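Visitor: I'd like a close look at just one part of this model. Could you walk me through how it is put together?

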Amino acid sequence: MLGRLSPEAKETLARFMQPSTIIGLSILVGIVALGVIVPLASPYDPYATSEDVLRPPLSEGPAWPYILGTDSLGRDLFTRIFYAVSIDLAVALVTVGLAVSIGMVIGLVSGYFGGILDSVLMRIMDVLISIPGFMLAIAVAAALGASLFNAMLAVAVVTIPIYARLMRGVTLSVKEQLYVTAAKEAGLSSFRILFRHILPNAMAPLIVQSTIELGNAIIYIASLSFIGLGAQEPQPEWGLMLSTGRKYLREAWWYPTFPGLMIFLVVLAFNLIGDGLRDALDPRLRGTLKIRRSIVWQLLKSET
Amino acid sequence: MARSILNYLFMRLLQVIPTVLGVLFIVFFLSRILPGNPVIAILGPKATPENIEKVVKELGLDKDYFTQFIEYLGDVIRLDFGRSYIMNVEVRDLLFDRLPASFELVIVAYILSIIIGLPLGIIAALKRGTWVDDLVRILGVIGISMPTIWLGMVLQIVFGIYLGFPVGERIDPLLAPKKVTGFMLIDTLLEGNIYGFLDALKRIALPALTLALPLSGLLMRLVRTSMVEVLLSDYIRTAKMKRVPRDVLLYRHALKNALIPVVTVMGLYFAVVVTGDIIVETIFSWPGIGRLIYEAVLLRDYMVIQGAVIFISLIYVLVNLVVDVLYFYIDPRIKA
């Protein structure tokens, strides 16, 4: 199949096939595949609790047929963990999607039109970024009420400045370029210029950043669930499972361990893919991480 | 020189004002959009009508929003975060009571992460392109991907349950020292209480490690990158040509520059720590501010949550201010 590709296409493909991207993608594809297959194939209901003596709460640990053991209500942990894949991933995608779209528009408008609008918007972003993200997310989630949806909103709000700043930087750097001036002279609408001529320049860094942020969003949401401000029982969500599992550390090590392992693997996958994409899309940064304060900032802001 | 520092400091302080105002505004705004009545959020769901009326008067909630905000500003300037009706204490007292525990944890975690991250980052940069470098990069990405919620529990299962490390609280109550600095590790030493010191050290080790490992992953990557950048720079090449001895070259020229991001991390670390801290203190029953926030969330005690958010944001803004001033001393390029 590869034989039919043009040499350029092959080269591009080779550029994207960084070892870290491959490893990251394999982990992710594996987990997603299981996340699709397990709910379809598992004989167990993730919500059905049990008082059956043959399926006691916190069974003897991982043993056939409960590969990863059962939880405190006798639910099969393996089934629940993979039911959670679609929930956790969807939550991360929506959260990041929301933050990217809002942040992108703010950055574009701010950078392109400049002036008072720019100062006001950027001051707001500065304020948002100067509150430790998770604290703000807690305040927002606590004010809105504990639910998975509100946790997503909270995390999205907190991460908007990352994309707004990124987008503004790119917009500022290209808006004086000849082709943008030409487009303006030709009488194209600002809307068209912004989305057709300026936005494409930002795609590479935006993609890299949001890939890494997907992992962070999962950690954020899981952490909010962990302290009781995210998913609510009986929703199968990793952070919530960890939180409940914590009460049974002594009796059932598997209960908190496996959901946590899933979070780790997914985050690792996104980080590896993000690193790989960064190397592929921006050869100047190959193998390095540009040390500018703003970037260190973003990194930290997004670390959990 | 002195004047330029003062100038810089002044400008930097001016920048802090809108930020702090913004933080206060956001928190104020959030507390007013609480579903239902903010008073119910403050008093808890079991509030009686008389109490509600009393609190509305007390907090001035019957006045208009602008007056409310101004009064609120005045309170915060006096570090008055109001009263927790649910825990029945002044929020300020709660916060100051819990602060030393969190500070101690953060400092120990920070030291640990430097001990782990700095040498590995340097080695990776010096052996760039070899398997050592690859290994450090792998460790780094594993480190930054490690969710605190999970790492903490795994450490607790392995060390706490299977290896019998004491977990929870800062020290065995029988060994507790008199409060001098509020830092257990220092207070026990001041008393010459070696057993107490060792106990406190064992108890702080796991939570500190949980906070430190992800950070050291980040530190490793930052140090490696900045070292590589410096090592490939013109002035190092010049120094090499001038036959500056390798050790001097590495330690005086390269390392010094590579430490700049480390200082940045030191300041910005706070955002990370606050996040991790809430989780870590919860997992290890560490009686700091993070644990307080968790308790407040459980009790739906919005006064405490709100106070803690402001308090931590203020500390965070201050820490960053200090880092910027440190920068001024470390990095001569900023002075221009």
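Guide: Let's take chain B, which splits into domain 1, residues 2-91, and domain 2, residues 100-287; those bounds come from an automatic or database domain assignment. Taken over C-alpha atoms, the centres of domain 1 and domain 2 of chain B sit 35 Å apart. This is a predicted model, and local features need pLDDT of at least 70, side-chain atom pairs count only at pLDDT 80 or more, while totals for chains, interfaces and linings use all residues. On bookkeeping, residues are numbered from 1 along each chain as its sequence is written, chains are lettered from A and ligands numbered from 1 in the order in which they are written, and side-chain values use heavy atoms, with hydrogens and water left out.

Along the principal axes, the C-alpha atoms of chain B fill a box of roughly 80 × 55 × 40 Å. The chain has 14 helices and two strands, going by DSSP runs numbered from the N terminus (H or I, at least four residues, for helices; E, at least two, for strands). Of its 336 residues, 53% count as buried, with buried meaning under 20% relative accessible area, exposed over 50%, and partly exposed in between (1.4 Å probe, protein chains only). Looking at contacts in chain B (heavy atoms within 4.5 Å) with a separation of 6 or more, 74% are between residues 24 or more positions apart.

After H8(B) comes Gly192(B), with a positive phi near 75°.

Now for the charged pairs. Side chains of opposite charge can pair when their charged atoms come close. The rule here asks for a side-chain nitrogen of Lys or Arg within 4 Å of a carboxyl oxygen of Asp or Glu, and it gives 13 salt bridges over all chains. In chain B, Glu295(B) bridges to Arg98(B), with the closest N and O atoms 3.0 Å apart. Because Glu295(B) is in helix H12 (residues 289-299) and Arg98(B) is in helix H5 of chain B, this pair ties together parts that are 197 residues apart in sequence. Glu295(B) is partly exposed at 22% relative accessible area, whereas Arg98(B) is buried at 13%.

H5(B) also supplies a partner for another bridge. Glu104(B) pairs with Arg170(B), the closest N and O atoms being 2.6 Å apart. Glu104(B) is in helix H5 of chain B and Arg170(B) is in the loop between helix H7 (148-162) and H8, so parts 66 residues apart in sequence are tied together. Both ends are tucked away: Glu104(B) is buried with a relative accessible area of 4%, and Arg170(B) counts as buried at 11%.

Over in chain A, Arg123(A), Asp126(A) and Arg165(A) are joined into one network by salt bridges that share partners. Arg168(A) and Asp118(A) form a bridge as well, with 2.8 Å between the closest N and O atoms. That pair links distant parts of the chain, Arg168(A) being in helix H6 (residues 148-174) and Asp118(A) in helix H4 of chain A, 50 residues apart. Arg168(A) is partly exposed at 23% relative accessibility, while Asp118(A) is buried at 11%.

Last, the interface. On the chain B side, 60 residues are in contact with 54 residues of chain A. The two chains bury about 5,200 Å² between them, 74% of it on carbon and sulfur atoms; buried area here is the accessible area (1.4 Å probe) that two parts lose on being put together, summed over both. Across the interface the rule finds one salt bridge: Arg221(B) with Asp275(A), the closest N and O atoms being 3.2 Å apart. On the chain A side, the elements giving two or more residues are helix H4 (115-129), helix H5 (133-144), helix H8 (190-226), helix H10 (254-281) and helix H11 (293-302) of chain A. H10(A) gives the largest share, 13 residues. The residues on that side divide into 36 nonpolar, nine polar and nine charged, where Ala, Val, Leu, Ile, Met, Phe, Trp, Tyr, Cys and Pro count as nonpolar, Asp, Glu, Lys and Arg as charged, and the others, Gly among them, as polar.
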